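Please read the points below beside the sequence and the structure.

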Amino acid sequence: MKQSVTTLVALIGCVAFAAIVILPLVSLPTILYFVIGYGCGPSDDRMAERLATLGILDARPAGARQGERESHCEDDARATTVSQTYWLSGSETAADAYYRKAARRDGWTASKNEGCFVKAIDEKLVTLVVTGLSGNEYEVRLMSTPGSSLWC
């Protein structure tokens, strides 16, 4: 009986040691990541401001009416996005052709995926995508993420 109690006390001591000393050391990097490095921050805000100044967001085919401009940052991927919507009076095909030419003139490089372009902005790779939304509405979207991951 005395041996069982001694064993139980030793086991409780080991568990307590692990919970108090070892567990915080193992999880400290994770905790620090979420406290210090997780999510969007001032550098992402600066990137959004920079992207909003790019002329490609204001470029549009003749007759297209400007809609709403939006900006946001997605915390998990730290993906900064600035987008501009337009309503098209002409055909969607004409808008695609317009943006292919406008993007190339502005120094964007076509990616492997149709309708997607890339360009280095402030030493970060930015993606330009033009997509139809509904009816005659379309969106010009610029996206930047840390590192080299692309959205197209």
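The numbered points follow.

1. Basis. This is a predicted model, in which local features need pLDDT of at least 70 and side-chain atom pairs count only at pLDDT 80 or more, while totals for chains, interfaces and linings use all residues. Residues are numbered from 1 along each chain as its sequence is written, and side-chain values use heavy atoms, with hydrogens and water left out.

2. Make-up. The protein chain has 3 helices and 6 strands, in the order α-α-β-β-α-β-β-β-β along the sequence. Helices (H or I, at least four residues) and strands (E, at least two) are DSSP runs, numbered from the N terminus. Of the 152 residues, 28% are buried; buried means under 20% relative accessible area, exposed over 50%, and partly exposed in between (1.4 Å probe, protein chains only). The chain exposes about 9,500 Å², with carbon and sulfur atoms supplying 60% of it; areas come from the Shrake-Rupley method with a 1.4 Å probe, and for residues only the protein chains shown count as cover. Among contacts (heavy atoms within 4.5 Å) between residues at least 6 apart in sequence, 53% join residues at least 24 apart.

3. Helix α2. Which residues of α2 are buried? In this helix, residues 42-52, they are D44, M47, A48 and L51. They lie on the same side of α2 because they cover an arc of only 100 degrees around the axis, the arc being that of the directions from the helix axis to the C-beta atoms. P42, R46 and E49, on the other side, are exposed.

4. Strands count as paired if DSSP finds at least two bridges between them. β4 and β5 are antiparallel, with 6 bridges, and K119 has V126 in β5 as its bridge partner. Their hairpin has 2 residues between the strands, and D122 there takes a positive phi near 50 degrees. β5 and β6 also run antiparallel, joined by 8 bridges, with V129 opposite R141 in β6. The hairpin of β5 and β6 has 2 residues between the strands as well, and in this one G135 has a positive phi near 55 degrees.

5. Aromatic rings. Rings of Phe, Tyr and Trp (its six-membered ring) pair if their centres lie within 6.5 Å; planes under 30 degrees apart count as stacked, over 60 as edge-to-face and the rest as tilted. There are 3 aromatic pairs by this rule. Y98 and Y99 form an edge-to-face pair, 5.1 Å centre to centre with 90 degrees between the planes. Y99 and Y138 form another edge-to-face pair, at 5.7 Å and 65 degrees. This pair links distant parts of the chain, with Y99 in helix α3 (residues 92-105) and Y138 in strand β6, 39 residues apart. Y99 and Y138 are both buried, whereas Y98 is partly exposed at 24% relative accessibility. Ring pairs link Y86, Y98, Y99 and Y138 into a cluster.

6. Core. A nonpolar core is a set of buried Ala, Val, Leu, Ile, Met, Phe, Trp, Tyr and Cys residues joined through side-chain atoms within 4.5 Å. The largest has 23 residues, of which L51, W108, L128, Y138, V140 and L142 touch the most other members. At least two residues come from each of α2, β2, α3, β4, β5 and β6, and α3 gives the most, with 4. Leaving out residues up to four places away in sequence, L142 touches residues including L51, W108, V126 and L128.
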